[in-house]
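Let's walk through this one together, one question at a time. Have the sequence and the model open beside you.

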Amino acid sequence: MKKLLFPLCMLLLLFFCILQPAKAISGAAAGLSLWYCTILPTLLPCMVLSGYLISSELILRLPPAPFAFLTGWFCGYPMGAKTIADLWKHGRLSEASAKRLLVLCCVPSPMFLTGFLCTGMLRLSLSEAVPCLAALYLPPVLCWLITGFWNRGSLSGTGPMSEEKPPGSLSAFLLFEKAMMNGFLIIAKVGGYLMFFTMLSYFFRGQVKNPFFASLIPGIFEMTSGIAFTVQSGLSRTLTVALCFSFAAFGGLSGAAQTISVLEGTPFSGRRYLLWKLLQASVTFFLIWIIL
């Protein structure tokens, strides 16, 4: 049954395109607009530069875990996972260390939270925004600490060694070109996932009349659409804020698909990632519910 879930969603999406083409086009346009105007100029340079630095000898002078942490927390989904996967593939991180960092480093960026969510959508005051941000960023830290107790003593060793660099004076340029092409491929996948999951969120929103579920279901598929729909839903202020921050903490199935995509070729489990993100989103929801 689990193997049929994604094909069934795609089948529903096909029927949506056939039966309600106007809404399907609106959903696709919204997803692609978000990708082109926001994700592409924000993430692509970070993907290319971080990929190049990890391939270069400069990264040997930098501690890998803080590098992954800073990249994940300041660039947002799916940069943390991509950096961790690249570091593991180049032998800079052990498998156990990488698994722990995945729990910590896969979060939305502060720019998205403060600019889009707190200011643009929810219009929170500073006294409201600070505890809400703390409620989102605290659960990943707690989960990271918990995994530290589980994996105590298992952080030795490294990932597979990196491939040999091409000889000659063009070595650095060729490494940069490879990182750039890899960045283009990943950002194209991100755009595709954004488009299709935004279309799914538009489809389910049109089928559900209850305002809570009409906000919840799109937010599970794609966080940005879910946040916009929730703000327009007429739900109570507390419930609206709690749901929006929970969507951001979870990242949506679109964010999960992007993360799993950049983890290709690694031993890291997409199911484990989803379970940790669901736990973090649940803790964020209840913390904000209590705070507000």
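Q: Which helix holds F15?
A: Helices here are DSSP runs of H or I with at least four residues, numbered from the N terminus, while strands are E runs of at least two. The helix that spans residues 2-19 includes F15, and that is α1.

Q: Is F15 buried, partly exposed or exposed?
A: A word on the source first: this is a predicted model, where local features need pLDDT of at least 70, side-chain atom pairs count only at pLDDT 80 or more, and totals for chains, interfaces and linings use all residues. Residues are numbered from 1 along each chain as its sequence is written, and side-chain values use heavy atoms, with hydrogens and water left out. Buried means under 20% relative accessible area and exposed over 50%, with partly exposed in between (1.4 Å probe, protein chains only). F15 has a relative accessible area of 43%, so F15 is partly exposed.

Q: How many helices and strands does the chain have?
A: Reading along the sequence gives α-α-α-α-α-α-α-α-α-α-α-α-α. The totals are 13 helices and 0 strands.

Q: Which helix contains T259, and is T259 buried or exposed?
A: T259 belongs to the helix covering residues 252-262, namely α12. Its relative accessibility is 1%, so T259 counts as buried.

Q: Which side chain makes a polar contact with the side chain of T259?
A: Contact means heavy atoms within 4.5 Å, and leaving out residues up to four places away in sequence, T259 touches P78, A81, C106 and Y273. A polar contact is a pair of N or O atoms within 3.5 Å; within protein, one must be able to donate a hydrogen and the other to accept it, and residues adjacent in sequence count only if both atoms are side-chain atoms. At 3.4 Å, the partner side chain is that of Y273.

Q: Which residues does S261 touch, not counting residues up to four places away in sequence?
A: S261 is also found in helix α12. With a relative accessible area of 13%, S261 is buried. Its contacts are K189 and Y193.

Q: How far is the nearest cysteine sulfur from that of C132?
A: A disulfide is a pair of cysteine sulfur atoms within 2.5 Å, and by this rule the count is 0. C132 is in no disulfide, and the nearest cysteine sulfur, that of C118, is away by 6.8 Å.

Q: What share of the 292 residues in the chain is buried?
A: C132 is buried, with a relative accessible area of 0%. C143 counts as buried at 5%. For the chain, the buried share is 48%.
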